[in-house]
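Student: Could we go through this assembly together, a question at a time? I would like to see how each answer is reached.

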Amino acid sequence: MATQQTQTLGRMLLAPAVVLLLIWMIVPLAMTIYFSLLSYNLLNPGMERFVGLENFEYFLTDPAFLASLRNTLVLVGSVLVITIVLGVLVALLLDQAIVGRSIVRLMVIAPFFVMPTVSALVWKNLLMHPVSGLFAWIMSSLGMQPIDWFAEYPLFSIILIVAWQWLPFAALILLTALQSLDEEQKEAALMDGAGAFSTFFYITLPHLARPITVVILIETIFLLTVFAEIFVTTGGGPGLQTTNIAFLIYSQALIQYDVGSASAGGLVAVVIANILAFFLVRIVGRNLEA
Amino acid sequence: MARRTSTTRTLVTTLAAWLVGFVIFFPILWMILASFKTELEAFSTPPSFLFFHWTLENYATVQERSDYLHHAMNSLLIAGGSTLIALLIAVPAAWSMAFAPTRRTKDLLLWMLSTKMLPPVGVLVPIYLIFRDFGLLDSRFGLIAVLCLGNLPIVVWMLFTYFKEIPKDILEAARMDGATIGKELIHVLTPMAVPGIASTLLLNFILAWNEAFWTLNLSTSEAAPLTVFIASYSSPEGLFWAKLSAASTLAIAPILILGWFSQRQLVRGLTFGAVK
Amino acid sequence: MGRITLEGVKKSFGAHDIIKGADLEIADGSFVVFVGPSGCGKTTLLRLIAGLEDVTGGRILIDGADVTAVPPAKRGLSMVFQSYALYPHMSVRGNIAFGLKMAGRPREEIARKVEGAAAILNLTPYLDRKPRELSGGQRQRVAIGRAIVREPKAFLFDEPLSNLDAALRVQMRLEVTRLQRQLDTTAIYVTHDQVEAMTMADRIVVLNAGRIEQYGTPLELYEHPANLFVAGFIGSPKMNFVGGRTAAALDATTIGVRPEHVAVNPGGADGATGLDWVGTVSVAEHLGSDTFLYVEVPEIGTITARGAGELGIKAGDSVRLRPDAARIHRFDANGNTISA
């Protein structure tokens with residue numbers, strides 16, 4: 001809906017971004033696909049040979065894959081449940097009349113801005129250390145046996161850290177959505193005789209349905225590739241207990257230098273992410289029409 | 001319209017909200033406190049909350065170890081550089097999509113979004129090998145390029161949503177007033193888009209500063225930003241909790257402050273405008 | 001000078017024909033209003049003249065020179081947008097001066113012209129304010145000021161009054177008309193409001209579905225509408241249309257008569273037409289100056305009648321209606337007027 005002149009200019013201005021992203025997407029992906037069909041270990045250079053789908057077979061039947069898939073799903077699922085349930089509660093609380101709301105908001109949002117390596121190390125050492133951590137002290141003060149978190153509940157420990165990092169994100173988005181809820185709608189519900197609970201279930205929650213979906217999808221995309229938190233705390237262990245797919249691929253690529261297998265794993269990760277991305281893109285796309 | 005609320009209710013919700021805020025913020029607070037303790041106090045049980053020997057010693061030590069400044073500088077260069085370059089590429093692209101849209105614009109935007117959803121592990125191997133073969137491992141330039149491309153879709157999207165809010169009428173008015181496209185950009189569009197560009201810049205700087213997949217995998221020392229530097233404290237030998245805390249506090253303080261300023265834009269930027 | 005000529009101007013978006021070929025001659029100094037229902041293409045036609053859209057076919061001439069391929073900035077026209085489109089980051093002074101600045105005019109000339117425009121539009125006290133600090137009417141004036149300082153060949157107005165409240169709209173309507181007379185500059189004004197069209201225009205272009213239905217003075221359109229569409233669009237309340245036997249009796253497919261030409265409870269016997277209608281009043285609107293009656297006439301439908309002053313008739317009353325034989329419009333099967 002503009003003149004020819006602006007259309008031409010528009011295309012020229014768009015080109016650099018499109019070309020760069022196209023290269024960024026296609027070249028590495030094509031290489032991954034190519035490597036995934038080779039037997040290729042960086043420790044034995046020059047020994048590459050075509051093996052077809054053997055890498056996929058190896059990767060998918062590797063017990064480590066199943067363990068890491070399970071860990072990934074548990075990690076993503078638990079963090080989603082925790083952040084969304086708590087996020088809704090925190091958002092509802094912050095939507096009330098509060099003295100000093102902006103300061104509370106700042107405190108709630110803060111963890112999101114902490115770099116993953118810092119939050120992982122602070123939790124691991126200062127809070128969850130079995131002897132000198134704050135949690136250990138609290139438990140022993142209450143007469144309980146302190147827990148060695150990373151030894152006894154390694155995956156749960158990771159979940160706790162990641163959930164702490166993502167709770168602010170969920171809370172902030174849901175709070176924003178709550179604040180966009182038309183006050184008159186709530187007043188109309190009030191006039192219709194709805195109590196606090198019915199208002200929440202019939203008005204507020206349906207209004208939050210879409211933002212919650214958005215939170216689920218975006219968090220999932222990031223949570224599927226949680227890496228730094230595992231890297232600096234457990235290194236995937238003990239055993240495979242905290243190895244997720246991202247970490248498994250990393251260790252195959254940069255610890256075992258098995259390029260072929262890591263590439264096959266990478267493609268599996270891409271496929272899993274794409275299934276989710278498909279839904280997110282549709283939601284965002286629908287929004288774009290409006 | 002102000003809702004009528006009783007004082008008691010306000011008191012209860014206020015207390016609850018402050019408690020929740022405090023609990024969520026506590027790990028950061030605890031870290032900041034630990035940074036002012038001696039190593040012994042930081043490690044001791046029972047822990048001391050406020051009545052310990054306050055010291056700046058850890059900060060001095062961290063500063064003295066010249067590598068802290070080196071890594072901080074890397075963080076600044078990598079986050080700043082990748083954000084600025086992304087902005088240079090994205091502003092024209094977002095302008096084009098917002099003001100000269102074609103039938104394919106929507107698909108293009110969604111395609112850009114989908115590139116962001118490609119999990120980085122999916123391309124870890126080829127990127128690592130490319131970096132190795134071109135001597136880009138542990139180089140600032142390499143990290144700037146990767147982070148720039150990785151965040152480009154978000155930058156384009158954020159700018160696009162901001163530009164979209166500038167009424168097309170105003171640009172057409174400028175055209176009727178005799179402004180060329182260049183003058184239109186300088187005199188009308190840019191001044192109106194400054195707040196949007198600024199918050200895009202801020203959010204992406206934060207994302208790049210905290211990025212901990214590519215930085216951990218592609219840099220070790222020379223080009224390593226603070227994410228990698230902090231990760232080096234994870235090695236079990238020796239317990240330097242107070243120094244770790246001081247270094248961490250320094251690493252997150254600037255971002256925390258920038259982040260607090262940009263929190264309103266955060267939602268829009270991270271949801272690609274799906275939630276406003 | 002500002003004579004604007006359209007020759008077979010066409011515009012399509014994809015397979016969609018928005019303007020299906022428009023020929024128009026707008027005389028210098030005249031005030032022409034494009035009117036039509038929403039989606040009729042009136043705004044698109046204005047934007048084609050402005051150069052904000054490319055034509056798909058045909059030519060646009062200003063003072064005889066072909067400007068079809070000339071960018072908007074070089075056509076020497078100025079435009080007032082529906083949203084006013086003021087630059088939010090510039091003061092009123094900056095907004096009005098922008099066009100002159102772009103044209104590279106000397107500083108003292110800009111200052112003089114801006115002051116002059118501000119004086120005409122009563123904006124002098126607000127020159128250093130930002131648009132957001134102004135009321136709707138004041139913003140409207142700034143938009144007009146921005147248009148007039150450049151001394152364009154023609155003003156283009158795109159529904160400029162639609163965001164104002166009713167009282168202000170009437171006042172601005174007068175001001176715009178007066179200003180245009182005073183400056184003696186061609187103006188093209190787009191509106192969907194036929195009252196605005198009738199009161200402001202020297203000549204009206206009625207558009208419907210991308211076609212020019214009629215081009216003429218307000219009274220020509222009122223008295224001699226070219227077809228059913230124009231007849232129904234111009235005039236308020238809307239013209240009554242009656243088909244069937246009543247129309248056939250007058251050798252037409254449809255006949256139309258305006259509410260103000262329907263006499264209520266006339267004295268005497270059936271007039272020359274023998275067309276008296278008897279019905280029951282369903283709604284009576286008492287405006288004081290006029291009374292509008294909506295009368296249900298068996299076998300014909302609702303007929304609107306307008307009587308001067310207060311008629312003292314209420315809903316439920318039975319009334320006799322008699323159309324003025326001399327002012328009955330007759331239309332053929334294609335909806336075109338059958339000339340008398």
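Student: Which element of chain A gives the largest share of the side that touches chain B?

Tutor: Start from the 87 residues that chain A brings to this contact. The largest share of them is 18 residues, and these lie in a helix spanning residues 4-36. That element is helix α1 of chain A.

Student: How many residues on that side of chain A are charged?

Tutor: Sort the side of chain A that touches chain B by class. There are 71 nonpolar residues and 15 polar ones. What remains is the charged class, with one residue.

Student: What is the radius of gyration of chain A, and is the chain compact or spread out?

Tutor: Chain A is built from 13 helices and two strands. For its 290 residues the globule rule gives 19 Å, and the value for chain A is well over that, so the chain is more spread out than a compact globule. Its C-alpha atoms fill a box of roughly 75 × 75 × 30 Å along the principal axes. The radius of gyration itself is 24 Å.

Student: Which elements of chain C give two or more residues to the side that touches chain B?

Tutor: In this contact, 17 residues of chain C meet 15 residues of chain B. By class, the chain C side has 13 nonpolar, four polar and no charged residues. The elements giving two or more residues cover 77-80 and 92-102, and they are β6 and α2 of chain C.

Student: Where in chain B is confidence lowest?

Tutor: Chain B averages a pLDDT of 83, and 93% of its residues score at least 70. Confidence is highest in helix α1 (residues 7-35) of chain B, at a mean of 90. Where pLDDT is low, predicted coordinates should not be read in detail. In chain B the lowest mean, 75, belongs to residues 39-43, helix α2.

How values were computed:
Residues are numbered from 1 along each chain as its sequence is written. Chains are lettered from A and ligands numbered from 1 in the order in which they are written. This is a predicted model: local features need pLDDT of at least 70, side-chain atom pairs count only at pLDDT 80 or more; totals for chains, interfaces and linings use all residues. Two residues are in contact if their C-beta atoms, placed from the backbone, lie within 7 Å. Helices (H or I, at least four residues) and strands (E, at least two) are DSSP runs, numbered from the N terminus. Ala, Val, Leu, Ile, Met, Phe, Trp, Tyr, Cys and Pro count as nonpolar, Asp, Glu, Lys and Arg as charged, and the others, Gly among them, as polar. The radius of gyration is taken over C-alpha atoms; the globule rule is 2.2 Å times the number of residues to the power 0.38. pLDDT is the predictor's confidence in each residue, from 0 to 100.
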